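Please look through the structure shown here, and then follow the paragraphs below from the whole chain down to single residues.

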Amino acid sequence: MIAALLEAIPLPAIFISQNARVRGANTRAVSLQPNAAEDRALVLVFRQPGLISAIENCLRTSDPQKAIYLHNKDGQETRYEVTCSFVTMGEERGALACFQDITHVEQAGEIRREFVANVSHELKTPLTALLGFIETLRGPAKDDAKARERFLGIMANEASRMNRLVGDLLSLSRVEEDARMRPRDPQDIGDILGTVVQNLEEVAQMRGHRIQFEKPALPLTVPSDRDQLIQVFTNLIENGIKYGDENGQVEIRIENVERDVKLRKPAVSISVIDNGPGIDPVHLPRLTERFYRIDSHRSREMGGTGLGLAIVKHIVARHRGRMKVDSTLGEGSTFTVVLPKN
Ligand SMILES: Nc1ncnc2c1ncn2[C@@H]1O[C@H](COP(=O)(O)OP(=O)(O)OP(=O)(O)O)[C@@H](O)[C@H]1O
Ligand SMILES: [Mg+2]
C-alpha cells in the first residue's frame, strides 16, 4: 500500500520508517537519488546534514519540518525544498519526505532582485544630478543668469533621460504582459519600414549618416502589431546610427523567405546592416539582456537606457519570430529579424 501511495505523489517522495531507514521510495525519488533503496539507512542515502536532521527531527517530534536539498548532476545544480511530514498508515509510522524543485523560483527571484537594483541605479544617477543642480541654483548660482541657463539645460536632459527610462520600462512590461497573445493584424513590412526610415531621416542626417532603404515592389504582409514593429526597427536602425562611426551608413534589406528553416514557415526577413565598429563575439549572447551595454558610457551619452534590444527581443518573440546578430569587429553588424507570415 505504501508503494502505491508513494507512486501517486507527483513529486519525488520517500517514506522513512522510525528506525531511520528507507521504507519506500517512488520512481521519481529513485531517479533523483538511486541510493534510495528499501531498508537502506537514511544517512547512507543522503549526505546532506540539513536534510538528515530535518527528517530525524520529524521522526522524533512528529512535527512537520522543511529542509533544502541541493542536487548536483552533470555540473548542474538543482535546488529542492523538502517537506517532511509525520505520517501514520495503519501499523506503519514514519516521515514522508517530498522534494519540490524550486530552482526556477529562486532564479526568478534573483532576476527580479537584479532588475530592481538596476532600475534603481539607472534612476538614481540622473536624480542625483538633478538634486545637485537644484542645490547649486538655490545657493552659489542664485544670481548667475548664465549658469542658470546652462544648468537648466543639463537638468532638462537628465529629466528626459528618466522619462525615457520609465517609458521603456512601461513598454517592456506591456510587451511581457501580452507575450502569449500573438498579434493578428496583417501589416505590410515595407510600409512599416518606410515610416521608421522617414522618422529617423533627420537624426541620421544630423550625424552625417545615410539610411539606404528601398521599399519592396510588392507588399509583404505579416500578422503584426504595427506600433510594436515600429519600435523594433526604430531601435535597430537608431542603434546602427548611434553606435556607427560618423558618416557611416545603415542599410535595410527586406526579403521574402519561402520557408524559414528554423521557424519552418514562410516568413519575411528584415536585416539592418551597419558599417560601424562591430560587436565583439563575447558580448553577443548577453546583448538582449536588460540594461546590458557594451560601452555604457557611450550609450548613456547617447541617451540610451540599455533596454532597447530587450524590448526588441520580447516583441519579436510575441510575433513568434526570431532575431539573430552577425558582427565582425571593425566591419559592422547585421541585426536580422525574421517574422512568420502565418
Ligand atoms: N549596431 C550596433 N553596433 C555596435 N554596438 C551595438 C549596436 N547595437 C547595439 N549595440 C550595443 O548593444 C547595447 C544594447 O543596445 P540597446 O538598444 O539594448 O540599448 P541602448 O541603445 O544602449 O539604449 P536604448 O535602445 O534604450 O536607447 C548598446 O549599448 C551597444 O553597446
Ligand atoms: Mg538602442
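The centres of domain 1 and domain 3, taken over C-alpha atoms, are separated by 52 Å. The protein chain is divided into domain 1 (2-101), domain 2 (104-177) and domain 3 (182-342), with bounds that come from an automatic or database domain assignment. This is a predicted model, in which local features need pLDDT of at least 70 and side-chain atom pairs count only at pLDDT 80 or more, while totals for chains, interfaces and linings use all residues. Residues are numbered from 1 along each chain as its sequence is written, and chains are lettered from A and ligands numbered from 1 in the order in which they are written.

Ligand 1 is surrounded by 21 residues, of which the closest are Arg293, Ile294, Gly304, Gly308 and Leu309; a residue is counted as near a molecule if its C-beta atom, placed from the backbone, lies within 6 Å of it. Two or more residues of this shell are given by helix H8 (226-243) and by helix H10 (308-318), where helices (H or I, at least four residues) and strands (E, at least two) are DSSP runs, numbered from the N terminus. The largest share, four residues, comes from H8.

H10 itself is mostly covered, since eight of its eleven residues are buried, that is, they have 20 or more other C-beta atoms within 10 Å of their own, whereas 12 or fewer make a residue exposed and counts in between make it partly exposed, with C-beta atoms placed from the backbone. Among the buried residues of H10 are Gly308 and Leu309. The buried residues of this helix pack against helix H6 (145-177), H8, strand S11 (322-328) and strand S12 (332-340), contact being taken as C-beta atoms, placed from the backbone, within 7 Å. Just after H10, Arg320 takes a positive phi of about 60 degrees.

S11 and S12 run antiparallel and are joined by seven bridges; strands are said to pair if DSSP finds at least two bridges between them. Met323 stands opposite Val337 in S12, and in the hairpin of these strands, which has three residues between them, Gly330 takes a positive phi near 85 degrees.

Positive phi values are also found in residues other than glycine, including Asp74, with phi near 50 degrees, and Phe291, with phi near 70 degrees. Asp74 lies in the loop between strand S3 (65-73) and strand S4 (76-89), and is exposed, with 4 other C-beta atoms within 10 Å. Phe291 is found in the loop between strand S10 (265-274) and helix H9 (296-301), and is partly exposed, with 18 other C-beta atoms within 10 Å.

Technical notes
Two residues are in contact if their C-beta atoms, placed from the backbone, lie within 7 Å.
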